[in-house]
Amino acid sequence: METLKISKKTEPVMFTIRVDKSIVDFYDDLAKKTNRSRNELIGLALDFAKDKIQIDPED
């Protein structure tokens, strides 16, 4: 018989960043429109971006 293993999907960690006010305003507006938290939306954006970032070999 096969078993179903349930594990934590993520381990939340809190950290602080400084961003331009326009970014905060954008995510606040998006949060209102989507009924999601700003934190959740920024987390989704960071997760999306991590696979899209390329490092220029000249840097």
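**Starting from one residue**

Tutor: Ile42 is partly exposed, at a relative accessible area of 28% (buried is under 20%, exposed over 50%, partly exposed in between, with a 1.4 Å probe and protein chains only). This is a predicted model: local features need pLDDT of at least 70, side-chain atom pairs count only at pLDDT 80 or more, and totals for chains, interfaces and linings use all residues. Residues are numbered from 1 along each chain as its sequence is written, and side-chain values use heavy atoms, with hydrogens and water left out.

Student: Where is the place of Ile42?

Tutor: Ile42 sits in helix 2, residues 38-50. Helices here are DSSP runs of H or I with at least four residues, strands are E runs of at least two, and both are numbered from the N terminus.

Student: Which residues lie nearest the centre of the largest pocket?

Tutor: Phe15, Asn39, Ile42, Gly43 and Leu46, out of 23 lining residues. Helix 1 (21-34) and helix 2 are the elements that give two or more residues to that lining, and helix 2 has the largest share, with ten. A pocket is an open set of points on a 1 Å grid over the protein atoms alone, where a 1.4 Å probe fits, with protein on both sides within 12 Å along at least five of seven lines; lining residues have an atom within 4 Å of a point.

Student: What about the volume of the largest pocket?

Tutor: About 810 Å³, counted as the space filled by probe spheres set on grid points joined across faces, edges and corners.

Student: New topic: what is the phi of Asn35?

Tutor: Asn35 has a positive phi of about 60°, although it is not a glycine. Most residues other than glycine have a negative phi. Asn35 is in the loop between helix 1 and helix 2.

Student: Is Asn35 buried or exposed?

Tutor: Exposed, because its relative accessibility is 74%.

Student: Zooming out, how many helices and strands does the protein have?

Tutor: Two helices and zero strands. The radius of gyration is 17 Å, well over the 10 Å that the globule rule gives for 59 residues, so the protein is more spread out than a compact globule. That radius is taken over C-alpha atoms, and the rule is 2.2 Å times the number of residues to the power 0.38.

Student: And what box do the C-alpha atoms fill?

Tutor: Roughly 55 × 40 × 20 Å, along the principal axes. Of the 59 residues, 5% count as buried.
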